[in-house]
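Grab a pencil and work through these exercises with the model open beside you. Each task comes with a step-by-step solution.

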Amino acid sequence: QRRGVYPLPPLLVWTADPFGLFRRQLSLDHPEPLIVFPAPTAAESLPLSASDLAGSARSPRPFFYDPVRPGGLKAYEPTLPARHIPWKASARRGRLLARVLESSSDRKLLLTIDLSDFCTENEGDGSHDRFEKTLSMAAALVLAADAARIPFGFAANAAQTGRDGAICLPVTRSAGQAGAVLEALARAECRPVGTLAGLLAAEAVHIPWGTTVLSIGPDRIEE
């Protein structure tokens, strides 16, 4: 009932026909450990709507816009970035305009957890419980992104049970990505390895252009 990695003792596996006439057995001296994934948070409890993960589905607050998919022009507003101004069109019309950009249909996500938000030397401050809650939220986002066929990756400056170094899985949409990230969540320990900023800086060259980075905390998800 608790996520984690559980070593198994040597096993003897046997099988037989219903009459017991033929029997085979296999001895496993070093079986693979039992890996228990974190239970995903219920979708309705996430501080994030499903439409935020739905690629080209329209949302009042898409995570990022696609500069190659302009949807028209509108009057420029000071809150908009200057890079959205079409200067030639603005000059022709004699006033500042801004491009209306559609949300991207090629969304890519990098889910991150910063261990500095949780892990302290005082085990009675609830930090471990918040860490477990955050892992459950991350598991729910992994399943949602996988179901929506959105390429995603995962990074956390967390130690791993049975493995060296921090967690960093590249952004991809491969068939085994969800299982790999869920296993990383199962192996995660509430013990920091370096900083998340340092980990992302080291892996920046491998992060695809246009990837949205989501920081997951116990009560919030931030872009």
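**Exercise 1.** With which residue does arginine 3 form a salt bridge, and how far apart are the closest N and O atoms?

*Solution.* Before you start, note that this is a predicted model, where local features need pLDDT of at least 70, side-chain atom pairs count only at pLDDT 80 or more, and totals for chains, interfaces and linings use all residues. Residues are numbered from 1 along each chain as its sequence is written, and side-chain values use heavy atoms, leaving out hydrogens and water.

Step 1: A salt bridge is a side-chain nitrogen of Lys or Arg within 4 Å of a carboxyl oxygen of Asp or Glu.

Step 2: look around the side chain. The partner of arginine 3 is glutamate 132, with the closest N and O atoms 2.9 Å apart.

Step 3: Arginine 3 lies in the segment before strand E1 (4-6) and glutamate 132 in helix H2 (residues 127-147), so the pair ties together parts that are 129 residues apart in sequence. Helices (H or I, at least four residues) and strands (E, at least two) are DSSP runs, numbered from the N terminus.

Step 4: check the cover. Arginine 3 counts as buried because its relative accessibility is 13%; buried means under 20% relative accessible area, exposed over 50% and partly exposed in between, with a 1.4 Å probe and protein chains only.

**Exercise 2.** Which residues are linked with Arg187 in a network of salt bridges?

*Solution.* Step 1: begin with one pair. Arginine 163 and glutamate 183 meet through their side chains in a salt bridge, 2.9 Å from N to O.

Step 1: locate the two. Arginine 163 is in the loop between strand E9 (158-160) and strand E10 (167-172), while glutamate 183 is in helix H3, and this pair, 20 residues apart, links distant parts of the chain.

Step 2: The network of salt bridges links Arg163, Glu183 and Arg187.

Step 3: compare the cover. Arginine 163 is partly exposed, at a relative accessible area of 39%, whereas arginine 187 is buried, at 10%.

**Exercise 3.** How many of the 11 residues of H3 are buried?

*Solution.* Step 1: count along the helix. In H3, 9 of the 11 residues are buried, and the helix is mostly covered. Among them are Val181, Leu182 and Leu185.

Step 1: zoom in on arginine 187, which lies in this helix (residues 177-187). Setting aside residues up to four places away in sequence, arginine 187 touches Arg3, Val5, Ile35, Ala159, Gln160, Thr161, Gly162 and Arg163. A contact here means heavy atoms within 4.5 Å.

**Exercise 4.** Is isoleucine 85 buried or exposed?

*Solution.* Step 1: find isoleucine 85 in the loop between strand E5 (65-75) and helix H1 (87-93).

Step 1: read off the cover. Isoleucine 85 counts as buried, because its relative accessibility is 5%.

Step 2: list the neighbours. Not counting residues up to four places away in sequence, isoleucine 85 touches Tyr76, Ser90, Leu96, Leu97 and Arg99. Take leucine 96: it sits 11 residues from isoleucine 85 in sequence and 7.1 Å away in space, C-alpha to C-alpha.

Step 3: Arginine 149, in the loop between H2 and strand E8 (152-156), is exposed, with a relative accessible area of 55%. Arginine 149 also has a positive phi of about 60°, although it is not a glycine.

**Exercise 5.** Which residues make the nonpolar surface patch of about 550 Å²?

*Solution.* Step 1: know the rule. Patches are made of residues with over 30% relative accessible area and no salt bridge, with like charges joined within 9 Å and nonpolar side chains (Val, Leu, Ile, Met, Phe, Trp, Tyr) within 5 Å. Accessible areas come from the Shrake-Rupley method with a 1.4 Å probe, and for residues only the protein chains shown count as cover.

Step 1: name the members. The patch is made by Tyr6, Leu8, Leu11, Val13, Leu26, Leu28 and Leu34. Strand E2 (11-16) and strand E3 (23-28) are the elements that give two or more residues to it.

Step 2: check one member. Leucine 11, found in strand E2, is partly exposed, with a relative accessible area of 32%.
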